[in-house]
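User: I'd like to learn how to read the features of a protein model. Could you walk me through one?

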Amino acid sequence: MKQAPAILAMALGLSGIALAGWGALGTGPLAAQGNGLALLGTLAKGEWTLRPRGDAAPRKLCLRSGGELIQIMHQESGCSQFVIEDAANRVTVQYTCPGNGYGRTSIRRETPALVQIESQGIHDGMPFQMTAEARRTGSC
């Protein structure tokens with residue numbers, strides 16, 4: 001039983017490190033983008049066409065920072081974001097939009113003008129799941 005206080009102290013120390021790391025990540029679109037997401041900065045700016053798999057119609061969007069691809073179902077501002085994965089060819093972000101749901105989006109970069117997107121969550125009280133290809137198609 002003499003080991004219990006040492007184990008507890010070690011566990012508390014590790015949780016403090018984990019919480020310090022959590023705080024360093026920040027929240028909100030600017031904080032998430034400011035903490036990296038280098039992949040998004042490598043994407044070609046301009047008009048992109050999003051082609052969801054299935055019956056949904058393609059839609060166009062103007063890519064200025066790359067962050068526009070993260071919250072495709074939640075276009076409003078004021079959502080908090082938490083970066084799950086930030087690699088050279090893949091990024092995953094979980095976000096919460098107070099009063100309008102949440103989502104988790106993964107973007108896989110094939111080229112600077114072509115990405116694959118998977119997103120799922122809750123929007124307007126209804127679940128959604130989307131897989132799509134987005135490709136640069138011009139200027140905006």
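**Reading the fold and its core**

Analyst: Happy to! The protein has three helices and seven strands. Keep in mind that this is a predicted model.

User: In what pattern do these elements follow along the sequence?

Analyst: Read along the sequence, the pattern is α-α-α-β-β-β-β-β-β-β. Of the contacts with a separation of 6 or more, 46% are between residues 24 or more positions apart.

User: What percentage of the residues is buried?

Analyst: Of the 140 residues, 32% are buried. The accessible surface is about 8200 Å², and carbon and sulfur atoms hold 59% of that surface.

User: How should I read a nonpolar core?

Analyst: The general idea is that nonpolar side chains tend to be buried together in soluble globular proteins. Here, the largest nonpolar core has 24 residues, and Leu40, Leu50, Leu69, Ile107, Val115 and Ile117 have the most contacts inside it. Two or more residues each come from α3 (38–41), β1 (46–52), β2 (59–63), β4 (90–97), β6 and β7.

User: Which residues does Val115 contact, leaving aside its neighbours within four places in sequence?

Analyst: Among them are Leu43, Trp48, Leu69 and Ile107, and also Ala132 and Ala134.

User: Is Asp124 buried or exposed?

Analyst: Asp124 counts as exposed because its relative accessible area is 57%, and the cut-off for exposed is over 50%.

Methods:
Residues are numbered from 1 along each chain as its sequence is written. This is a predicted model: local features need pLDDT of at least 70, side-chain atom pairs count only at pLDDT 80 or more; totals for chains, interfaces and linings use all residues. Side-chain values use heavy atoms; hydrogens and water are left out. Buried means under 20% relative accessible area, exposed over 50%, partly exposed in between (1.4 Å probe, protein chains only). A nonpolar core is a set of buried Ala, Val, Leu, Ile, Met, Phe, Trp, Tyr and Cys residues joined through side-chain atoms within 4.5 Å. Helices (H or I, at least four residues) and strands (E, at least two) are DSSP runs, numbered from the N terminus. Contact means heavy atoms within 4.5 Å. Accessible areas come from the Shrake-Rupley method with a 1.4 Å probe; for residues, only the protein chains shown count as cover.
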